[in-house]
Amino acid sequence: METGIWWTAPAESESGRLIMVTGRKDVEKFRDNPRFNIRIEVTWKYEGGADGMPDAETSELMEKVQDRLAEVFSKDPVAVLTGVFTGDDRRDWVFYSLSTHIFGRKLNESLADFPVLPLTVYCENDSDWAGYDEMSQAEIKLD
């Protein structure tokens, strides 16, 4: 991920476990475009340690996947990665997109060279970016 446009803060899951939240700062050009109104969560559930964090091997593979996603969506910005949540035995990548169909095609293109991954995808309309605003509360707590 590009340095300087991201912030990271600890948060707590509903079960009281640590979640590291990483959020993107420079979202205005996407947020101001009314077409970027679909919030998409790509979730990877894993068997974490006692702290709910992934082991080194899983973490390394997740970083490779994230780098590939960033690469593909920077070339064809039909979606923007706005947040990453890691902890409590899962990683969630949160995107805002203008099309679920194109996003799905780009997601599959991104992951074609990887083994089958335990991913689920959830989409919802979020034209007000309420999910992003809620995530940003973790950054405000740092100030």
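The model is predicted: local features require pLDDT of at least 70 and side-chain atom pairs pLDDT 80 or more, while totals for chains, interfaces and linings use all residues. Residues are numbered from 1 along each chain as its sequence is written, and side-chain values use heavy atoms, with hydrogens and water left out.

**The sheet**

Helices (H or I, at least four residues) and strands (E, at least two) are DSSP runs, numbered from the N terminus. Two strands pair if DSSP finds at least two bridges between them. Strands of a sheet pair through backbone hydrogen bonds, either parallel or antiparallel. Here, six strands form an open sheet in the order β1-β2-β4-β5-β3-β6, and the pairing is antiparallel. Because β1 (6–12) and β6 (119–125) stand at the edges with a single partner strand each, one side of each has no neighbour in the sheet. Direction ignored, neighbouring strands are turned against each other by 20° on average; axes are lines fitted to C-alpha atoms, for helices over the stretch in contact, and angles run from 0 to 180 degrees between N-to-C directions.

A residue is buried under 20% relative accessible area, exposed over 50%, and partly exposed in between (1.4 Å probe, protein chains only). Eight of the nine residues of β4 are buried, so this strand is largely enclosed by the rest of the structure. Five antiparallel bridges join β4 to β2 (residues 18–24), and eight bridges pair β4 with β5, also in the antiparallel sense. The strands β4 and β5 form a hairpin with two residues between them, and D88 in the turn has a positive phi of about 60°.

T86 belongs to strand β4 and counts as buried, at 9% relative accessibility.

Contact means heavy atoms within 4.5 Å. Helix α2 packs on the sheet, touching β3, β4 and β5, and its direction makes about 5° with that of β5. Helix α3 touches β3, β4, β5 and β6, and its direction makes about 30° with that of β3.

The expected span of a helix is 1.5 Å times one less than its number of residues. The table compares the two helices.

| Helix | Residues | Expected span | Distance between end C-alpha atoms |
|---|---|---|---|
| α3 | twelve residues | 16 Å | 16 Å |

In α2, the buried residues are T58, M62, V65, Q66, L69, V72 and F73. They lie on the same side of α2, because they cover an arc of only 130° around the axis; the arc is that of the directions from the helix axis to the C-beta atoms. The face turned away carries the exposed residues A56, E57, S74 and K75.

In α3, F103, K106, L107, S110 and L111 are buried. These residues fall within an arc of 125°, so they line one face of the helix. H101, R105 and N108 are exposed on the other side of α3.
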